[in-house]
Amino acid sequence: GEIACRVMKTCKKMGIQTVAVHSDVDSSAVHVKMADEAVCVGPAPTGKSYLNMEAIMEAIRQTGAQAVHPGYGFLSENKEFAKRLAAEGVTFIGPDTHAIQAMGDKIESKLIAKAAKVNTIPGFDGVVKTAEEAVKIAQEIGYPVMIKASAGGGGKGMRIAWNNEETREGFRFSSQEAASSFGDDRLLIEKYIDNPRHIEIQVLADKHGNALWLNERECSIQRRNQKVVEEAPSTFLDPDTRQAMGEQAVQLAKAVKYSSAGTVEFLVDSQKNFYFLEMNTRLQVEHPITECITGLDLVEQMIRVAKGYRLQHQQKDIPINGWAIESRVYAEDPYKSFGLPSIGRLSEYQEPLDLSNVRVDSGIEEGSDISIYYDPMISKLVTYGSTRAEALSRMEDALDHYVIRGVTHNVPLLREIITHPRFISGDISTNFLPEVYPDGFKGHQLDTESRRELLASATALYITAQLRSRNIVGPLRVSSAPVESGCWELCVELGGERHQVDITKSGDVYIVEADRGTVEVCGQWNLASPLLPVSVNGADRMLQCLSRDASGTIVLQYMGTLFKLRVLSQRAAELDSYMPEKVSEDTSSILRSPMPGTVVAVSVKPGDTVAEGQEICVIEAMKMQNSLTAARQAKVKSVHCNTGETVGEGDLLVELE
C-alpha cells in the first residue's frame with residue numbers, strides 16, 4: 001500500500017485519476033481510500049490477489065484504466081504481466097518486456113553486463129538444478145558463495161554458504177523461497193565478496209535513446225540481505241568512482257534499450273573495485289533519498305517516459321544537493337535476528353511530520369492491521385539536510401518523535417545504528433550488524449550517566465502522576481487534604497537492580513539524587529500525550545511513556561529503546577521482598593514460534609532423537625522462511641503443529657523429553 005500511496009500523490013499532482021486494486025483484507029487500506037476508484041482482486045494470499053494476473057486484468061477492463069504503475073514487488077518485474085498489458089493496449093509504466101526479461105533473469109543479465117563491459121562477479125553462468133550440482137559448483141568457485149534466485153530480488157531466495165552442508169541447505173531454502181515469492185525456483189551461484197559495500201546507481205532513460213545516472217545510494221546496512229538504512233550520496237565514493245559507476249550503469253541500460261527509472265546495484269570492495277550485482281527494472285523502495293538530493297520526482301519521470309516524452313534533463317543538470325537518509329520502519333522485533341515479523345493493530349500512530357525536512361512514505365494509519373500476508377514495513381522515514389550531520393541529527397529527532405503502538409517495531413535498532421560511531425564515521429559494510437552486534441541486538445546500553453537520566457525521568461513522571469491523582473476537580477465537599485511535602489524517598493527497579501532515589505520538587509523542576517549523582521528534570525508533563533518532551537540537566541530529551549500502572553511499573557521509550565522500571569516507596573520496596581517470584585520456563589525442552597507465520601515443514605515426529613542444532617520445523621512469515629532448531633540433543637516428546645497451519649508468536653510447536 002505504501003508505494004501505491006506514493007504513486008497516487010504524483011498522479012494527483014499531474015491531474016491523473018487513479019484506481020487501486022486490493023485484496024479483501026486490504027479493503028480499508030489507506031491506498032484504497034486515497035484512490036478515485038478501487039477494485040477487490042481476491043482474498044488475502046498474494047497468489048490469489050496481488051499476483052492474480054487475470055483478476056487484475058479484469059479490474060483494468062472494468063475501470064477502463066489506460067496505464068498501470070506496478071510499484072515494486074509482486075508483478076513489477078513480471079514480463080508476462082507487461083506482455084498482457086501490451087496485448088490489450090494498456091501502457092505499462094516501466095521498461096518494455098525485453099528489458100524486464102533480460103535484467104530480471106540474473107543469469108542472462110550477467111552475460112549482458114559482461115558484453116556491455118560492466119564489471120561482474122566471478123561465478124557460474126547457468127542454472128543450478130540440484131543440491132549436489134550446487135555443491136560441485138561451489139567447490140569450483142571456492143567458498144564462500146552466494147546462492148540466489150535467478151528471478152529474485154528484495155533479499156528473497158538468497159543464502160550465503162561457507163561449506164558443502166550449508167550449500168545443500170541454502171539450495172533447498174532458496175529454491176522454496178524463490179518459488180513462493182516469484183513463482184520461479186531457478187538458482188544461480190557466484191562468489192561471495194566478503195565485507196563489501198552495497199552501492200546502487202539510479203538510472204533514468206527514455207524511449208529515444210537518452211539515459212542518465214542520478215547519483216548513488218549507499219545501502220550497506222542490511223539484515224538477511226534486505227536493506228534497513230540507506231543514504232544518498234555515499235560517504236565512500238569519490239567523484240571519479242561515482243562517474244565510472246554511473247557510466248557503466250548507463251551502458252547497461254542502453255545495452256537493453258531500457259526506458260523508465262531503474263536501479264543498477266553494485267558490490268564495492270575496500271579498494272573501490274565495483275562489481276555488477278543486478279538491475280532492478282522498477283522503482284526502488286529507497287527512491288525518496290534520490291529525489292531529495294536531485295529535486296526530481298521519479299514517479300513523474302516514469303509517467304512522462306511511459307507516455308513517450310523525452311527526458312527533460314541532461315547529465316550535467318543532475319546535482320547532489322545536501323544529504324538524505326532513509327530508515328525503513330518495520331513491524332519487527334529487532335531483538336530476534338535483527339528483526340522477525342510482528343503482527344497486530346496500530347492502536348496509536350503518529351508520524352513526526354511536524355519536524356522540518358522530514359518525509360514519511362507510508363500506507364497505513366492509526367487502526368491499520370499489520371498481517372502475516374504482506375511485507376511488515378510500516379513506513380519509510382526520510383530526513384534531509386544540507387550536510388550528513390544535519391540529516392543524521394534530524395533522523396534521531398524524527399525517530400524519537402515517532403509514535404507507534406500496538407505492534408513491536410524496529411525503531412530501537414534504527415536509532416542505535418544512526419548514532420553508532422562506526423556509522424557516523426562512514427565505516428560500514430553489509431556485515432555491519434553482525435560485526436557491531438555479534439551476540440544479537442540488545443537495545444541501547446546504559447552507561448552511568450544515561451542510567452541516572454532514566455531513573456530521574458521515571459521518578460519525576462511517577463511523582464507527577466501521584467500529585468495529579470490527588471488533585472480534586474470541582475467543588476469540594478470536605479476540606480482539602482494538607483499539602484504534601486516536596487521530598488520523597490523512592491526505590492526504583494531497573495534491569496534486575498534496585499536504586500535508591502531521593503527526589504525534591506521545586507516549582508516545575510525536579511531535583512533527583514540517584515547513583516551518587518544529581519539530575520535536574522523539568523518538562524510539560526502532559527500525561528495524556530504519548531510524547532513527553534523534557535529537559536534533563538539542560539539537555540532536551542523526547543521520552544515516550546507506553547504504560548503506567550498502579551503497581552508503579554512504568555515503560556518508557558528512552559534513546560529509542562523501551563525500558564521497564566518499577567518505582568516504589570521505601571515501605572513498598574521492603575514488603576516486596578516477601579512476594580514469591582515467578583519461576584521461568586525451561587526453554588531447552590520446548591520450542592515456541594518466535595514469530596507469527598505458517599508452518600511449511602515439520603522435520604521430526606514423536607520418538608525421534610534430535611541433535612543440538614538439528615532442524616525441527618520451518619516457519620514462513622512475510623515470504624521469508626526461518627528454520628527452527630533444537631537447543632540440545634534429546635528425544636522428541638510431542639509435536640504440536642502440522643504443515644500448513646498458521647501459528648502465533650509464542651505458540652508451542654514441539655516438546656522434548
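Reader: Which residue in β37 is the bridge partner of S638?

Author: That's E655. Bear in mind that we're looking at a predicted model.

Reader: What makes β35 and β37 count as paired strands?

Author: The cut-off is at least two bridges between the strands. Strand β37, residues 652-656, is joined to β35 by 3 bridges, so the pair qualifies. The two run antiparallel.

Reader: Why is Q284 called buried?

Author: Buried means under 20% relative accessible area. Q284 has 2% relative accessibility, so it counts as buried. Its place is in the loop between β12 and α10, and it touches Y72, E200, R217, K227, T263 and E265, leaving aside residues up to four places away in sequence.

Reader: What makes the Q284–E286 pair a polar contact?

Author: The limit for the N or O atoms is within 3.5 Å, and the side chains of Q284 and E286 make their contact at 3.2 Å.

Reader: How do you know that the length of α1 agrees with what a helix should span?

Author: Helix α1 has 13 residues (2-14), which should span 18 Å at 1.5 Å a residue; the end C-alpha atoms are 19 Å apart, so that agrees.

Reader: What do the buried residues of α1 pack against?

Author: Among their partners are β1, α2 and α10. The buried residues include I3, V7 and M8.

Note on methods. Residues are numbered from 1 along each chain as its sequence is written. This is a predicted model: local features need pLDDT of at least 70, side-chain atom pairs count only at pLDDT 80 or more; totals for chains, interfaces and linings use all residues. Side-chain values use heavy atoms; hydrogens and water are left out. Helices (H or I, at least four residues) and strands (E, at least two) are DSSP runs, numbered from the N terminus. The expected span of a helix is 1.5 Å times one less than its number of residues. Buried means under 20% relative accessible area, exposed over 50%, partly exposed in between (1.4 Å probe, protein chains only). Contact means heavy atoms within 4.5 Å. A polar contact is a pair of N or O atoms within 3.5 Å; within protein, one must be able to donate a hydrogen and the other to accept it, and residues adjacent in sequence count only if both atoms are side-chain atoms.
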